[in-house]
Amino acid sequence: MLVRIELKDVEIGMFVHAFEGSWFDHPFWRRYFRVETQEQLDRIRNSDIDGIIIDDARGRGPADGCEPVAPTQIWRAGRAPVSGQAGSKAKRVRAGGALAPPQSSADEAPRRRAGYAGECRRAKRTIERSRAAVADMFDGARLGRAVEVRRMVQLASAIGASIERDSRALINLVRLKEKDEYTYLHSVAVCALMINFARHLELGPQEVEDMGVAGLLHDVGKVAVSDQVLNKPGGLSKKEMRSVRSHPVAGHRLLASSPGAPAVALELCLRHHEKIDGTGYPGGLKGDELSLAARMGAICDVYDAVTSNRPYKQAWTPCEAMTAMTQWEGHFDPLLLDRFADSLGIYAVGTLVRLSTGELGIVVGSAGEADEDVVVRSFFDCAMLAEIDPVDRAIAPSAAHPRIVGRDSPSFWRFDDWERLRARILTLAAPNEASPQTAGAAADAAIANAAVRSGS
Ligand SMILES: [Fe+2]
């Protein structure tokens, strides 16, 4: 049963189903989870949210005196206006009762947009400082000097601070790198992605920092590979491929002789080209043999590689990248890949997502100047529990409303034959609020090219 309780009544062992109040005020990325640590408990109690909804069937129950709240009451409490609903033809379909997460209030939108623009200006300076410092670090490594780890920790800290202020600004900016600045900015990008991912997974502060440092250092072994080979358009000879594939071991050796390098940095450096099915290099490790850092790093490394312009290929959009990566069986940990998509709010074509309008939609492609907007075809009204006329919307990463609240579950909504429903929605010609560059064809081509060298 779902029960509303006051923050002071939350206890370890309770299962959080929803937060009341502003979505931005709640202190967690995850929507549903069990309170397992004192730190989580403290964050809830010290937050600005109004109250909390727990599910006592999935965790510890409330103390006496707490009033049960029906799902519809919770839904109305957090519901935002549903756009595009007027005039739509409602058709009843089977769906489970469900809750929408609390929405932001209207006056938060301009504040959030101003915050994004301001953070972009700060992030540009952080990126430039980081690029110069990573270039220095690579130059020193070429001369045989040990890595100055303390400087990398300071950089990771600055990048982490930017992500803490606004998780999208620096990540979006560093993706738009030029071909000739790839090597250094790739390290900055992987650092930012690792920090954002680690925060999303709710790792501790030290682990988050170490993951960031590991991202900055993961490709330092490339100093052992000539620029001519690294930037060569077209295929590589066997000898050149052997040289490229030597960089994890070369980097690990360099870091092992660099005082203060975190263990996780050595691990990521050595293992970021391993694959979950054991076909990666240098060790051919698979499954549980791979550490969390190695599995996270493999995802972040390839995501940044394929969304960047390279001498031998054009960048894919974030949506195309996620679409392709979810289809590379055996390459990544699939559960972790889903969490990575959640951490960025970038989803593969065909993913069911919930919008802040209170609608469900399917991701159909990308749009916008830098292809960073996600185009979502909304087709279902969560309040009415009914299918609606589909509308395509391009949703910018910084949008306050409508925005993508998160991935949703077809089984939660009891869509009995989800594959068929999805295929039907995807083949509909929806009216545009956007001009999507649908990812289907582009992703097919991308998969065909499939990055033998992705992340190299
Ligand atoms: Fe690499």
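A residue is called buried under 20% relative accessible area and exposed over 50%, with partly exposed in between. The model shown in these views is predicted.

**View A. A salt bridge joins Arg 151 and Asp 136.**
The N-to-O distance between the two side chains is 3.5 Å. Arg 151 belongs to helix α4 (residues 149-165) and Asp 136 to helix α3 (residues 108-142), so the contact ties together parts that are 15 residues apart in sequence. Arg 151 has a relative accessible area of 30%, which falls between the two limits, so it is partly exposed. Asp 136, at 40%, is partly exposed as well. Side chains of opposite charge can pair when their charged atoms come close. The structure has 20 salt bridges in total.

**View B. Asp 304 and Lys 177 form a salt bridge.**
Their closest N and O atoms are 2.8 Å apart. The pair links distant parts of the chain, 127 residues apart. Asp 304 sits in helix α12, and Lys 177 in the loop between α5 (169-175) and α6 (182-200). Asp 304 is buried, with a relative accessible area of 3%. Lys 177 also counts as buried, at 3% relative accessibility.

**View C. Asp 333 meets Arg 295 in a salt bridge.**
The N-to-O distance is 2.7 Å. With a relative accessible area of 13%, Asp 333 is buried. A network of salt bridges elsewhere links Asp 338, Asp 342 and Arg 407.

**View D. An iron ion is coordinated by Asp 219, His 247, His 272 and His 273.**
The aspartate contributes OD and each histidine its NE2. The distances to the iron ion run from 2.2 to 2.3 Å. Along the chain, the donors follow the spacing D-x27-H-x24-H-H. His 247 lies in helix α10 (residues 247-256) and His 272 in the loop between α11 (263-271) and α12 (292-306), so these two tie together parts that are 25 residues apart in sequence. His 247 is buried, at 1% relative accessibility. His 272 is buried too, at 2%.

**View E. Phe 379 and Phe 415 take part in a cluster of aromatic rings.**
Ring pairs connect Phe 379, Phe 380, Phe 412, Trp 413, Phe 415 and Trp 418. The structure holds 12 aromatic pairs. The ring centres of Phe 379 and Phe 415 are 6.0 Å apart and the planes meet at 45 degrees, so this pair is tilted. It links distant parts of the chain, 36 residues apart: Phe 379 in strand β8 and Phe 415 in the loop between β10 and α15. Phe 379 and Phe 415 are buried. For Phe 415 and Trp 418, the centres lie 5.9 Å apart and the planes 20 degrees, so that pair is stacked. Trp 418 is buried, as is Phe 415.

**View F. The peptide bond from Tyr 281 to Pro 282 is cis.**
Its omega is near 10 degrees. Pro 282 sits in the loop between α11 and α12. Most peptide bonds are trans.

**View G. Leu 385 and Arg 414 have positive phi values.**
Most residues other than glycine have a negative phi. Leu 385 is not a glycine, yet its phi is about 50 degrees. Leu 385 lies in the loop between β8 (373-381) and β9 (386-395). For Arg 414, phi is near 55 degrees. Arg 414 is placed in the loop between β10 (404-407) and α15 (418-427). Its relative accessible area is 49%, so Arg 414 is partly exposed.

**View H. Ala 63 lies in the loop between β4 (52-55) and α2 (71-77).**
Is Ala 63 buried or exposed? At 51% relative accessibility, Ala 63 counts as exposed. Its C-alpha atom is 9.2 Å from that of Val 10. Ala 63 and Val 10 are 53 residues apart along the chain.

Methods:
Residues numbered from 1 in each chain as written. Predicted model: local features only at pLDDT ≥ 70, side-chain atom pairs only at ≥ 80, totals over all residues. Heavy atoms only, no water. Donors = N, O, S within 2.8 Å, 3.2 Å for Na, K, Ca; no water. Helix = DSSP H or I, 4+ residues; strand = E, 2+ residues; numbered from the N terminus. Buried < 20%, exposed > 50% of the residue type's maximum accessible area, 1.4 Å probe, protein only. Phe/Tyr/Trp six-rings, centres within 6.5 Å; stacked < 30°, edge-to-face > 60°. Salt bridge = Lys/Arg side-chain N within 4 Å of Asp/Glu carboxyl O.
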